[in-house]
Structures are given as structure tokens and as C-alpha cells.
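Here is a short briefing to read alongside the model. Please keep the viewer open as you go through the points.

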Amino acid sequence: FMTLSGYFSKSSFSRTWKEFINNKCITLLLPVATWTILISVYSLSVGNSTERIITEIKGNSWFLKTLFACYVVVYLLKRTKLPDIVACAASLVFFFVIPKGCTFQFNWMLSFFWLGYFMQKYCPTIFEHKKLLLFAVPLYAIGLYAMFKYDCTQVVLISVDSLSRNWPLVILR
């Protein structure tokens, strides 16, 4: 989903900051706020503990929160006039090494957002390279097989710490 969002993100980056932020708040953050209120009211009405409610508030709609952050980061980086590949590499390295860069899997999801953005930008070029497809499909199949064979399906937050402790798992994912 993050790759698809990045793929269809181009028109958002041509807007002014005010138009951009207004649109993203309405399309991404308004649903988050709405669901947070609904979940909180429901949780209170059925007698869930405060801890459970706080967990729900933090984690509900995490994808939309992360997507909003990806849009904002890429929008701001595109305003720097850096070449896209440099902006991409700098943002991925920055969010990989800073503490809490893996909150809501942000640093991991940002890489997929950028992937979608570049796929849209270079779409004809990518699909003309059939050798890339012939290499990628078997590699994906092998990785998927290995993930289930070695029970690596749990979420591994991508950070400097996880890379040092669980590097085989990070590489496999």
C-alpha cells in the first residue's frame, strides 16, 4: 500500500504548502481523528482499561499516520531542489540512524513510499527491463519461502539496534 501511495503521490507535490497540508490533513488525519474518537468512546462504553484505550489511540490507523509523515518528508525534501535520489538516500539514512526513526515502522515504510514514487517517475524504463523482472520474481519467491521456513514473519523494526542484533532477520525481510 505504501508503494502504491508513493506511485500516485506526484500531483500532491505540485501544490503549495497550504494546499498540500490542508489536503493531507483532510484525507489522512481526519479519518485517524474520527476513528480515534469512535474507538475511545466504544472502549469507554464497554469498560476497557485506560491502558487498553491508550494503546488503541497510539496504534489505531498507524498506516495513515505513517503515510502522512511520508508525504510531509518527501514534500519538504522535494522543495530543497536536491536530486530525488539524493533526497531519498539522505532521508532513508537519517531516519534509519535517529532514535525512534522506526516508530510506526516509518523508516521502513518511507523506503516503500520512495520506491512507488520512483516507479511512477521511471515507469516505462523499469518495465522495459525484463531482466530485472526475471531476477526479482525468483528472488522474491526465495525470500518469501525463507521467511516462512525460518519463522521470520514477525515484525522487525528496522533500526541500527535491530540490525546489530538481528541482522539475518532484517536482511531476509
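Predicted model: local features only at pLDDT ≥ 70, side-chain atom pairs only at ≥ 80, totals over all residues.

Residues are numbered from 1 along each chain as its sequence is written, and side-chain values use heavy atoms, with hydrogens and water left out.

**Overall build**

- The protein chain holds nine helices and zero strands; helices (H or I, at least four residues) and strands (E, at least two) are DSSP runs, numbered from the N terminus.
- From the N terminus on, the order of elements reads α-α-α-α-α-α-α-α-α.
- Of the 173 residues, 32% count as buried, where buried means under 20% relative accessible area, exposed over 50% and partly exposed in between (1.4 Å probe, protein chains only).
- Carbon and sulfur atoms own 72% of the accessible surface of about 11300 Å², an area from the Shrake-Rupley method with a 1.4 Å probe.
- Among contacts with a separation of 6 or more, 70% join residues 24 or more positions apart; contact means heavy atoms within 4.5 Å.

**H2 and H4**

- Two packed helices are described by the angle between their axes and the distance between the axes.
- The axes of H2 (residues 17-45) and H4 (residues 62-78) come within 9 Å and cross at roughly 170°. That makes H2 roughly antiparallel to H4.
- Axes here are lines fitted to C-alpha atoms, for helices over the stretch in contact, with angles running from 0 to 180 degrees between N-to-C directions. Angles under 35 degrees count as roughly parallel, over 145 as roughly antiparallel, 65 to 115 as roughly perpendicular and the rest as oblique.
- On the H2 side the contact includes Trp17, Phe20, Ile21 and Lys24, and on the H4 side it includes Leu64, Lys65, Phe68 and Tyr71.
- The residues of this contact of H2 with H4 divide into 15 nonpolar, no polar and two charged. Ala, Val, Leu, Ile, Met, Phe, Trp, Tyr, Cys and Pro count as nonpolar, Asp, Glu, Lys and Arg as charged, and the others, Gly among them, as polar.
- Buried residues of H4 include Lys65, Thr66, Leu67, Phe68 and Cys70, and the buried residues of H4 pack against H1 (2-7), H2, H3 (50-59), H5 (84-97) and H6 (106-121).

**H5 and H6**

- The axes of H5 and H6 come within 9 Å and cross at roughly 170°. That makes H5 roughly antiparallel to H6.
- Asp84, Ile85, Ala87 and Cys88 are among the H5 residues in this contact, with Phe106, Asn107, Leu110 and Ser111 among those of H6.
- By class, the contact of H5 with H6 has 11 nonpolar, three polar and two charged residues.
- Buried residues in H6 include Trp108, Met109, Phe113, Trp114 and Gly116.

**Two loop residues with positive phi**

- Most residues other than glycine have a negative phi, and most peptide bonds are trans.
- Lys81, in the loop between H4 and H5, has a phi near 70°, a positive value in a residue other than glycine. At 71% relative accessibility, Lys81 counts as exposed.
- Gln105 sits in the loop between H5 and H6 and has a positive phi of about 60° although it is not a glycine. Gln105 is buried, with a relative accessible area of 16%.
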